[in-house]
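Please keep the sequence and the model in view while reading.

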Amino acid sequence: MSEVKYLNVLRDSLVILDFEGVRKAAEAAMRAGIPPLKAVSEGLAVGLRIVGEKFERKEYFLSELVVAAEVMKEGMSIIQPYIKGGGGTSSGSAKGKVVLATVQGDNHDIGKSLVATLLRASGFEVFDLGVDVPTASIVEAVREKKPHILGLSALLTVTMPEMGAVIKELTTTGLRGGVKVIVGGSPVTKEFAEKIGADYRAVDAVNGVNRCNDWVSRR
Amino acid sequence: MERLSEMTYRQRILATFRGERADKIPFFHLWRRLQTGEAEREARDKSMGVWWQRPCYTESMPHVDIVERRGPSSGLGTTLVEYHTPVGTVTERLKKEPGVGEWKAQRSWRDITPWAVERRIKRPEDYEVVKFMVEDTVYKPDYFPIEQAKDWLGDDGVVIANLPHSPMQMLMIDWVGTPNFFIHHARYRDKVEDLFNTIDRRYEEMYKIAAESPADAVIFGDNLDGVLVNPNLFQQYFMPCYEKCAKTIHENGKLLISHFDGRLGDIKHLIAKCPIDIIEAFHPPPMGDLPLREALDLWNGKVLLVGFPGSVYSLGTDAVRDYLISLLRTVLPGDRLAIEASTENLVSDEHLVLLSRALEQATLPLTEKKVNEIEESILKRPGRSEP
């Protein structure tokens with residue numbers, strides 16, 4: 001089988017969301033001596049891009065995006081050991097660092113977890129602080145992890161102001177300039193995001209991840 | 001005070017439920033979100049009814065040992081619940097309705113089920129344990145909460161029998177959680193479907209209990225969002241359950257309501273085909289993604305209960321006023337529609353009174369002229385009435 005065929009099988013197994021298929025394809029590619037980085041960039045990553053295009057065309061839905069990210073992970077678990085120095089999405093090679101949290105008083109986790117999954121699949125290093133996270137803990141994580149992006153989630157109008165409190169505290173502590181702040185959650189409007197000084201309000205998980213990709217590509 | 005020519009709050013809401021023209025657009029607040037005091041009295045004297053969801057059954061698992069732990073070893077502020085069954089153990093971590101001095105999330109927690117911060121199904125082997133729990137569950141009718149609420153409310157509102165999330169939503173939201181559910185559904189489809197089928201079968205008993213209850217109608221508290229529940233999932237796992245439930249509910253002369261508070265644009269045509277009579281917590285943009293007029297036209301035989309968007313409240317009184325007027329212009333002549341103060345959380349006194357004062361004048365059929373008059377009246381007297 002030619003190199004292109006190995007790469008195409010990898011790509012296609014990701015597109016059809018085949019866990020078993022991607023494992024077998026990755027094992028076969030590695031056995032055949034396909035360069036591991038090529039297997040990722042011209043096989044799995046191409047498949048992931050096609051899944052994204054299918055999502056844009058509404059042939060696939062959010063569930064398929066999430067599963068594709070997991071299939072990618074499955075394939076990577078086979079290929080990763082062949083990449084010298086670890087490779088993949090460890091902090092050294094990640095395209096960017098993101099800290100995520102649902103703000104204090106709010107226990108909604110679905111939107112934030114989706115964003116975390118999709119960001120990881122996109123190659124970001126993600127620090128997910130969880131739900132109901134106090135402002136001080138979020139600010140401390142920004143200080144410690146030095147992320148490029150901070151993502152804040154709130155699903156309640158009564159907890160939305162906590163997003164503003166976080167941004168205010170980042171400003172007070174001199175950390176605001178070093179981090180982009182993206183906010184999301186169904187009641188969070190563009191106007192509210194502007195009012196509290198966020199850099200962007202994501203309308204949904206995919207829109208948020210796309211914006212993060214834009215930001216890091218402009219760095 | 002009610003005038004003799006007017007319907008009572010209860011008559012108004014029930015007429016709208018049945019698709020009949022009421023005297024005015026019903027406006028109500030959820031009992032569990034409702035303040036107590038001056039603003040409540042003023043709003044209720046004007047136009048605000050009460051919507052009270054009550055349980056209609058009790059449940060127990062005679063062959064499952066349940067151990068609850070609280071404290072530093074199990075996570076501060078949460079309750080670790082262990083379910084020990086003959087086929088294995090699962091655990092979940094819950095935040096329960098708080099007491100004094102505890103976490104409260106600035107919400108009213110009356111009648112709220114515990115919040116799972118760690119779900120019971122984490123691994124493939126957990127499905128068998130949870131299936132045992134579902135099989136072991138005994139449902140017993142208990143109509144006292146409904147009878148009591150009806151007795152207390154009288155003509156001030158309606159009492160609705162509460163059903164939990166529908167079977168697949170129970171897995172997606174409560175027991176597996178998203179995004180894990182999507183991954184489990186792809187990797188362990190047989191296990192997911194086996195448990196789904198078990199829940200679906202066992203729920204039939206619950207439907208019957210709810211259908212035979214003295215409640216005014218029955219609600220699936222489904223929290224549906226068409227971005228998470230895509231058209232394929234909806235068609236395969238949700239519609240058959242709604243059909244089954246509706247059949248039982250309708251056979252007993254009741255109406256079926258479902259709590260669809262998310263984005264519904266992607267599944268709007270499928271919803272049109274569902275035998276659900278009333279879509280509750282419908283959120284138009286900016287929180288939802290389906291315009292109200294389009295929903296009313298598309299779901300021709302259904303009644304819409306519109307949740308006033310929380311994001312609009314957060315923009316202040318002018319925004320609330322503008323949004324309400326725009327909403328009223330959109331729905332002319334105003335049939336098949338009611339407005340809920342908020343399905344999400346608390347509403348300020350000022351906003352509650354503003355809405356109740358405006359909607360007191362929303363007589364049916366609503367006309368452009370009447371909306372103009374409503375707009376004029378609430379512009380003149382913003383906020384609470386003077387004492």
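The structure is a predicted model. Chain A is assigned two domains, domain 1 (3–82) and domain 2 (97–217). Chain B is likewise assigned domain 1 (9–60 + 137–380) and domain 2 (62–120). Between the chains, 27 residues of chain A are in contact with 26 residues of chain B.

**Domains of chain A**

- The centres of domain 1 of chain A and domain 2 of chain A, taken over C-alpha atoms, are separated by 29 Å.
- In the contact of these domains, seven residues belong to domain 1 of chain A and seven residues to domain 2 of chain A.
- On the side of domain 1 of chain A that touches domain 2 of chain A, α3 (36–56) and α4 (62–79) of chain A each supply at least two residues.
- The largest share of that side of domain 1 of chain A comes from α4(A), with five residues.
- By class, that side of domain 1 of chain A has seven nonpolar residues, no polar residues and no charged residues.

**The helix pair α3(A) and α4(A)**

- The axes of α3(A) and α4(A) lie 10 Å apart, and the two helices pack at an angle of about 175°.
- Angles over 145 degrees count as roughly antiparallel, and α3(A) and α4(A) are therefore roughly antiparallel to each other.
- From α3(A), the residues that meet α4(A) are A:Pro36, A:Ala39, A:Val40, A:Leu44, A:Leu48, A:Val51 and A:Phe55.
- From α4(A), the residues that meet α3(A) are A:Glu64, A:Leu65, A:Ala68, A:Met72, A:Gly75, A:Met76 and A:Ile79.
- The contact of α3(A) with α4(A) divides into 12 nonpolar residues, one polar and one charged.

**Domains of chain B**

- Domain 1 of chain B is assigned in two stretches, 9–60 and 137–380.
- Taken over C-alpha atoms, the centres of domain 1 of chain B and domain 2 of chain B are separated by 27 Å.

**Contact between chain A and chain B**

- The contact takes 26 residues from chain B and 27 residues from chain A.
- β7 (115–118), α6 (180–187) and α11 (310–313) of chain B each supply at least two residues of the side of chain B that touches chain A.
- α6(B) gives the largest share of the side of chain B that touches chain A, four residues.
- The residues of the side of chain B that touches chain A comprise 15 nonpolar, seven polar and four charged.

Technical notes. Residues are numbered from 1 along each chain as its sequence is written. Chains are lettered from A and ligands numbered from 1 in the order in which they are written. This is a predicted model: local features need pLDDT of at least 70, side-chain atom pairs count only at pLDDT 80 or more; totals for chains, interfaces and linings use all residues. Domain bounds come from an automatic or database domain assignment. Two residues are in contact if their C-beta atoms, placed from the backbone, lie within 7 Å. Ala, Val, Leu, Ile, Met, Phe, Trp, Tyr, Cys and Pro count as nonpolar, Asp, Glu, Lys and Arg as charged, and the others, Gly among them, as polar. Axes are lines fitted to C-alpha atoms, for helices over the stretch in contact, and angles run from 0 to 180 degrees between N-to-C directions. Angles under 35 degrees count as roughly parallel, over 145 as roughly antiparallel, 65 to 115 as roughly perpendicular and the rest as oblique.
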